[in-house]
Amino acid sequence: MSTSTVDRLEGKRRDARSEASARPISRAEGWRRRGPLLPALIFTVIVTQLPFLLTIWYSLHSRNLLRPESDLFVGLRNYLDIARDSTFRQTALNSVVITLGCVLVAMILGIVLALLLDRPFFGRSVARTMLITPFLVMPVATSVLWSIALLNPTYGLFNWVLGVFGLEAVDWTSTYPLIAILMALVWQWTPFMMLLVLAGLQAQPKDVLEAASVDGAGTWLTFRLITLPHLRRYIELGVLLGIIYVVNTFDQIYLMTAGGPGTASANLPFYIYQRAFLGFDIGQAAAMGVVVVIATIIVASAALRLIFRSFEVKE
Amino acid sequence: MSVAAPVVAPNVADARRETNRRFSGGLLTTLTWLLAIGFFFPVAWMALTAFKQENQAASDPPTWFFTPTLDQFRAVLEGGSMVYVGNSVIATGVSTVLVLLLGVPAAYALSIRPVKKVSDVLFFFISTKMLPVVAVIVPIYVIAGQLKVLDNIWTLVILYTAMNLPIAVWMMRSFFIEVPGEVLEAASIDGAGLMRTMRSVLLPMVAPGIAATALICVIFAWNEFFFALNLTASQAATVPVLIVSTMTSEGLFLARLCAAALLASLPVILAGWIAQKQLVRGLSMGAIK
């Protein structure tokens with residue numbers, strides 16, 4: 001979206017506001033307006049918020065699915081256990097490394113690819129189609145593809161390539177599990193970033209670029225002074241949405257390394273899954289879920305402010 | 001680049017710049033193609049492997065030339081996989097329809113005839129997307145167990161609807177907002193009632209938006225694995241679960257695994273290829289046109 005659109009929308013928002021305050025909506029009209037919204041709102045509250053309230057409730061209990069009779073109120077003990085749990089700290093750190101690593105590398109690659117695609121050349125749409133494909137492959141299939149077909153120590157394609165260059169074969173998923181997971185994730189998320197940045201490039205006002213070139217600004221100068229500031233919103237949005245999605249990564253970890261060796265490549269979603277469905281420790285898993293949500297709320301409220309500020313929440 | 005320009009006669013300088021430009025242009029195009037091929041290659045390799053015999057698939061060095069065979073696809077389709085496909089189709093299709101039935105009116109109430117506190121409601125919807133799934137999986141599992149709906153496809157339908165509804169509301173709203181107010185006013189002056197305006201003026205105008213929203217919902221629901229893994233067993237398992245069980249039970253059958261993975265990914269790949277434009281808008285929840 002170009003800056004002018006944003007300005008126009010903000011203008012519209014102001015108009016709508018002043019109009020609404022000038023003519024107060026009657027009570028009946030208010031309900032008529034709310035009517036179409038309510039089913040979706042109620043559905044979302046029931047399906048997403050009620051389970052979370054239960055999560056809080058469970059987190060105050062010691063409860064094991066294998067021993068249903070053992071349900072005990074324990075106050076904050078689960079939280080104290082988490083504070084002492086070094087595995088929890090490690091998986092939290094892994095979550096941060098995986099999320100930020102993937103989002104930043106994918107964004108840099110995405111910007112490069114978007115810039116390359118933003119110039120006319122023969123077969124451009126075919127190249128773009130090829131480049132978005134990794135994002136469309138089912139994540140479960142991606143995991144299979146990377147862990148077995150590409151990174152397998154005996155017949156994986158990567159090690160064959162290393163062999164061609166005279167290097168030794170590497171057992172990627174057990175020697176460098178985080179790097180193996182990051183490779184698969186970056187491969188999947190780069191097209192996402194590329195598409196967002198490309199949309200930003202194509203929304204650049206052409207007259208400004210022409211004016212810059214008439215004024216004798218070189219390619220690099222134009223990019224730094226005009227294109228990059230224009231892209232900022234798109235890059236911010238890409239990073240933000242990327243974080244929201246990538247922090248929940250489960251499929252690749254479950255299938256490529258199973259969090260191993262040990263818990264070397266486990267992130268929080270995977271660790272909580274293990275505690276709940278392999279350890280059947282509902283209280284602990286729930287308490288970890290609550291901690292994750294609190295952390296997410298802190299990050300997300302900053303993030304949401306960003307979305308609302310830089311993108312069209314027009315009323 | 002243009003430092004030498006004042007010394008050289010203008011037409012020579014122009015010609016040289018032109019040659020320079022062409023050369024660097026060619027270089028960039030080559031680079032672009034190399035990267036495109038590099039990114040696409042793993043998918044191509046998966047497709048290639050799916051047409052191999054097992055001993056060719058897991059060979060060292062890799063087999064590049066071979067007689068393609070459809071054996072693996074046959075094996076995948078014969079092995080009772082239709083149950084999984086059926087479940088995936090129900091979970092994806094029904095949840096997408098439900099999302100649209102709930103989401104389109106909600107988006108209408110957040111744009112054309114807005115309720116009060118629109119941004120609070122929008123804030124609420126998007127914040128549910130930020131709630132980590134792991135934080136709710138435990139109670140959902142326990143409740144589903146008590147209601148005896150574990151391993152039931154309708155459980156997935158409801159969860160996928162909730163998963164996609166916020167995205168759909170945001171996205172549909174971005175389409176509704178583009179409808180010019182004059183059109184709706186004109187319809188009401190012409191005496192068209194609310195339902196009539198909806199049906200014959202509004203819906204046709206936002207139909208492309210509905211299609212784009214449906215596409216995004218289909219992609220996310222079809223690929224979803226976490227809920228499917230934890231809440232289904234044999235009755236309601238979906239396609240991603242099938243791939244994983246193929247992987248663990250027949251891990252050595254790489255070619256068959258690739259055939260299954262390719263077939264499973266194909267619907268979304270094709271849909272994404274066809275609807276590239278809508279993809280951007282959907283992925284950004286309507287923020288980017």
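The secondary structure of chain B comprises 13 helices and zero strands, where helices (H or I, at least four residues) and strands (E, at least two) are DSSP runs numbered from the N terminus. The model is predicted, and local features need pLDDT of at least 70, side-chain atom pairs count only at pLDDT 80 or more, and totals for chains, interfaces and linings use all residues. Residues are numbered from 1 along each chain as its sequence is written, while chains are lettered from A and ligands numbered from 1 in the order in which they are written.

Read from the N terminus, the elements of chain B follow the order α-α-α-α-α-α-α-α-α-α-α-α-α. Along the principal axes, the C-alpha atoms of chain B fill a box of roughly 75 × 65 × 35 Å. Of the 289 residues in chain B, 45% are buried. A residue is buried if 20 or more other C-beta atoms lie within 10 Å of its own, exposed if 12 or fewer, and partly exposed in between, with C-beta atoms placed from the backbone. Among the contacts in chain B with a separation of 6 or more, 78% are between residues 24 or more positions apart; two residues are in contact if their C-beta atoms, placed from the backbone, lie within 7 Å.

Chain B is assigned domain 1 (10-50) and domain 2 (72-283), with bounds that come from an automatic or database domain assignment. The C-alpha centres of domain 1 and domain 2 of chain B are 37 Å apart. Four residues from domain 1 of chain B and eight residues from domain 2 of chain B take part in the contact. On the domain 1 side of chain B, the residues touching domain 2 of chain B are three nonpolar, one polar and no charged. In this classification Ala, Val, Leu, Ile, Met, Phe, Trp, Tyr, Cys and Pro count as nonpolar, Asp, Glu, Lys and Arg as charged, and the others, Gly among them, as polar.

UniProt (unreviewed entry) annotates "transmembrane region" in chain B at residues 26-48, 89-110, 122-147, 153-172, 201-222 and 253-275. UniProt positions are given in the numbering used here, feature names are shortened, and annotations may be inferred rather than shown by experiment. Residues 26-48 of chain B are 100% helix and 0% strand, with the end C-alpha atoms 30 Å apart. For residues 122-147 of chain B, the corresponding values are 85% helix and 0% strand, with 31 Å between the end C-alpha atoms.

Most residues other than glycine have a negative phi. B:Lys148 counts as exposed because it has 8 C-beta neighbours inside 10 Å, whereas B:Asp151, with 15 such neighbours, counts as partly exposed.

Chain A contains 15 helices and two strands. Of its 315 residues, 41% count as buried. UniProt (unreviewed entry) places "domain: ABC transmembrane type-1" at residues 92-303 of chain A. That stretch of chain A is 78% helix and 0% strand, and its end C-alpha atoms are 19 Å apart. Helix H14 (residues 268-278) of chain A is mostly covered, with eight of its 11 residues buried; among them are A:Phe270, A:Tyr271 and A:Arg275. Just after H14 of chain A, A:Phe280 takes a positive phi of about 55°.

Between the chains, 83 residues of chain B are in contact with 81 residues of chain A. Helix H1 (residues 10-50) of chain B supplies the largest share of the chain B side, 14 residues. By class, that side has 65 nonpolar, 14 polar and four charged residues.

The largest nonpolar core has 171 residues, a core being a set of buried Ala, Val, Leu, Ile, Met, Phe, Trp, Tyr and Cys residues joined through C-beta atoms within 7 Å. Helix H7 (residues 153-176) of chain B gives the largest share of this core, 17 residues. The residues with the most contacts inside the core include A:Val144, A:Leu195, B:Val169 and B:Ile243. Not counting residues up to four places away in sequence, B:Val169 touches A:Ala40, B:Gly103, B:Ala106, B:Ala107, B:Leu110 and B:Phe125.
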